[in-house]
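Please look over the sequence and the 3D structure below before reading on.

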Amino acid sequence: MAARPPLSSLRRWRSLPKLLTNALLALLSAMCLLVLLPASGLSSSGLPSAGQSGIPAAAAEPVTIRVLMPAPLADAVAAPVAQFNASGAGIALEVIRGPLDTETISDLATGSLLLGEAPFDLLLVDVSWLARYVAAGWFEPLERWFGPEVLAAMEPGARLGNGLDGHLWRMPLTGDTGLLYWRTDLMERPPRDTEELVAISRDLQRRGRVRWGYLWQGRQYEGLSCVMVEVLHGFGARWWNGSTARTELDSPEAVAAARWLAALLQDGVSPPAVASYAENDALQSFAAGDAAFLRNWPYAWREIEKGGGLVKGKVGVTAMVGAPGEQGGGTLGTWGLSLIKGSPHPEEAVAAIRWLTGPVVQRQLAIEQGYAPTWSTLYDDPDLQRRAPLLTVQRQALQHPQLRPPTPAYAQLSDLLARQVNGMLTGQGGPGPTMAAAQRQSLQVLRSLAGPAGDTAGESAGGRPAVDR
Amino acid sequence: MKARAASLLLMAPALLLLAAVFVYPLLRYGWLSFQASSVLTGLEPVPNGGANWGRLLDDARFWTDAFQTLRFAVCSVALELAGGLGLALLLHRPLRGRGTLRALTLLPWALPTTVMALGWRWILNDPHGPLNAAIRSLGGSSYGFLSTPATTWFFVVLADVWKTLPFVALLLLAGLQTIPEDLEEALRLEGAGRLQILRRLTLPLLVPYLTLALLFRLAQALGVFDLIQVLSGGGPAGSTESLALYAYLNAMRFLDFGYAATVMLATFLLLLVLLGGGWLLWRRERAA
């Protein structure tokens, strides 16, 4: 037994020393494990050890290329990856299953990349991260391997959001955009503009055919920013001006766009609960037959058809609509592969990119998960058209997709716009003051991020719009 | 004079250590808060003339988080002090199996916060967690405890109280055992009731221990990070986000180190004003 504890309070606490000893033992063994694990992991991981460790590796030893992806996409490409590894290319492609949530996986990747040596060679990159990661200097340009003719074989929208400052940073794997879902049992044809959308909704609601008109994502999160990109564009406004590297959220058009969203709730076309809806909440409600329209990503269609809910087989999909006389366009939500700077095996990693973004994998993703392909030839494939019924609409949507502001400051700008607009939706301010505050705060953020050189710094460090060829 | 020099010399290592881990980071934050150091500057510091501080004043998220952090700290620490006092009084009484009981109460405190936060997250999972399973078996339907701001906040506080109550109880128990039993005996002979003893004798003598617990817990609760990061991630919709979490997000997610330093420093100043003000008030009360 250890020396008597100094505090008289512990006099009769006989089990305490034992407890402490046990805890100490547990801690020590945990530490031993931590020390031992990485060592044993390294020795058996099949790292290409030839030049590095001095032990000559067998000639057939494949080079390991690691790629970090969100778990659902990692699972979706498991079979093609196995096929690739068995093809005898001398590469062992290893897919690391990352978290499901886009922000969480970005945090995970950022944590590794900040430390300098990322444990992966390739990263599956969401279109909204690209500018930030490029500005941080974490990617290797890809134009050495993928010339302009490669992207030229893709749909126009799929070419967006991969280039910046004259370099190609990402090879797109999916071509998803925001889409408008409508009920084929309630109307003859989908609305052509926002006015028709509201008119059809109110007519159906008045006749008691459906409880709500339009469901979308109004929660205070990045999904609301995606909605805002579409609505702003649909009203002829723009969030981001690439040539000045400034936001334009207080323009009359932008205020009109915000007013339209606010009116959807005030007039009862959308339920008040929309202000707390993320993608899945809106989808569940729509799938239960609560509404005539839904804004969501392509995956929702498969969920509705798989789920066997009330509206199964009664759902049509169309490209996002704009105000009368304006060209609508869905927010671009594509994923693509980027090469991490400092990867010891860039050639092999690029071979892996080539395979993973190639038509075989994209075809399978389209059939099994409903992801939009990027290659034009796939859209012309009659067999694929039959097995992925959304293909025609997805192609149409890829003609006029909208990019989220391609600036490294997007995460902050999105955070404050979503906060302001959600405040408006929950009755904390009108459209005018809301958008004015969002604009004022956006400029503050940009100033604080870029220093006194303000706008010019923003421009030179990637504030310019994507270079897409 | 000689003794003074010797004492300074002896204290030097400790002072140096303090300077290294406390003063230097503070000065560094102060300097960084006047720089733009973000992806727009290639992560290099560029002076931006107080733009970070101007942004802070208009940053709704900072002030919301400040309010939320304060609300969390006040509520959880108040509950912990009250509950800890009750638990300490209970454990102080002669009971059968008191030793085992005391060891058991320490268990939550012995768990790493991340582990217990993960445990709570699982308990509250919708629809697979045990809490929702219990609700369903009673004929109710699953509830998204962690997708509603009010319930999420409630369970964040509850988890914090659950974990740190034993710590407060232990501190107060130590205090209780310093109170000589004959004093209590004397009061009882004078005909004082239990509540009277508590109010006139126990509580006044416990004040130093209560203050200690309050200071420890307030400092910890105002800097809460791990519990919230794991249990709710600051959500839903930022409704449980704390200042520490916001500073972390600015640095790690937004790669905006200048502003992250500003948020950190502003948090520190807020706490300083708050705790310093409280301390002054308390001293004046005592002097009066």
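This is a predicted model: local features need pLDDT of at least 70, side-chain atom pairs count only at pLDDT 80 or more; totals for chains, interfaces and linings use all residues.

## A sheet in chain A

Strand E9 of chain A and strand E12 (residues 291-296) of chain A run parallel and are joined by three bridges. Strands pair if DSSP finds at least two bridges between them. Helices (H or I, at least four residues) and strands (E, at least two) are DSSP runs, numbered from the N terminus.

Residues are numbered from 1 along each chain as its sequence is written, and chains are lettered from A and ligands numbered from 1 in the order in which they are written.

The open sheet has four strands in the order E9-E12-E8-E13 (chain A), with mixed pairing. Strand E9 (212-215) and strand E13 (315-319) of chain A each have a single partner strand and stand at the edges, so one side of each has no neighbour in the sheet. From one strand to the next, the twist averages 20 degrees. Helix H9 (residues 194-206) of chain A packs on the sheet and touches E9 and E12 of chain A; the direction of this helix makes about 140 degrees with that of E9(A). Axes here are lines fitted to C-alpha atoms, for helices over the stretch in contact, and angles run from 0 to 180 degrees between N-to-C directions. Two residues are in contact if their C-beta atoms, placed from the backbone, lie within 7 Å.

## The nonpolar core

Which residues have the most contacts inside the largest nonpolar core? They are A:Val67, A:Leu122, A:Leu124, A:Leu215, A:Phe293 and B:Leu172, in a core of 190 residues. Such a core is a set of buried Ala, Val, Leu, Ile, Met, Phe, Trp, Tyr and Cys residues joined through C-beta atoms within 7 Å; buried means that 20 or more other C-beta atoms lie within 10 Å of the residue's own. H7(B) gives the largest share of this core, 13 residues.

Leaving out residues up to four places away in sequence, A:Phe293 touches several residues, including A:Leu197, A:Tyr214 and A:Leu215.

## Where the chains meet

The contact takes 37 residues from chain A and 37 residues from chain B. On the side of chain B that touches chain A, H4(B) gives the most, with six residues.

Note on methods:
A residue is buried if 20 or more other C-beta atoms lie within 10 Å of its own, exposed if 12 or fewer, and partly exposed in between; C-beta atoms are placed from the backbone.
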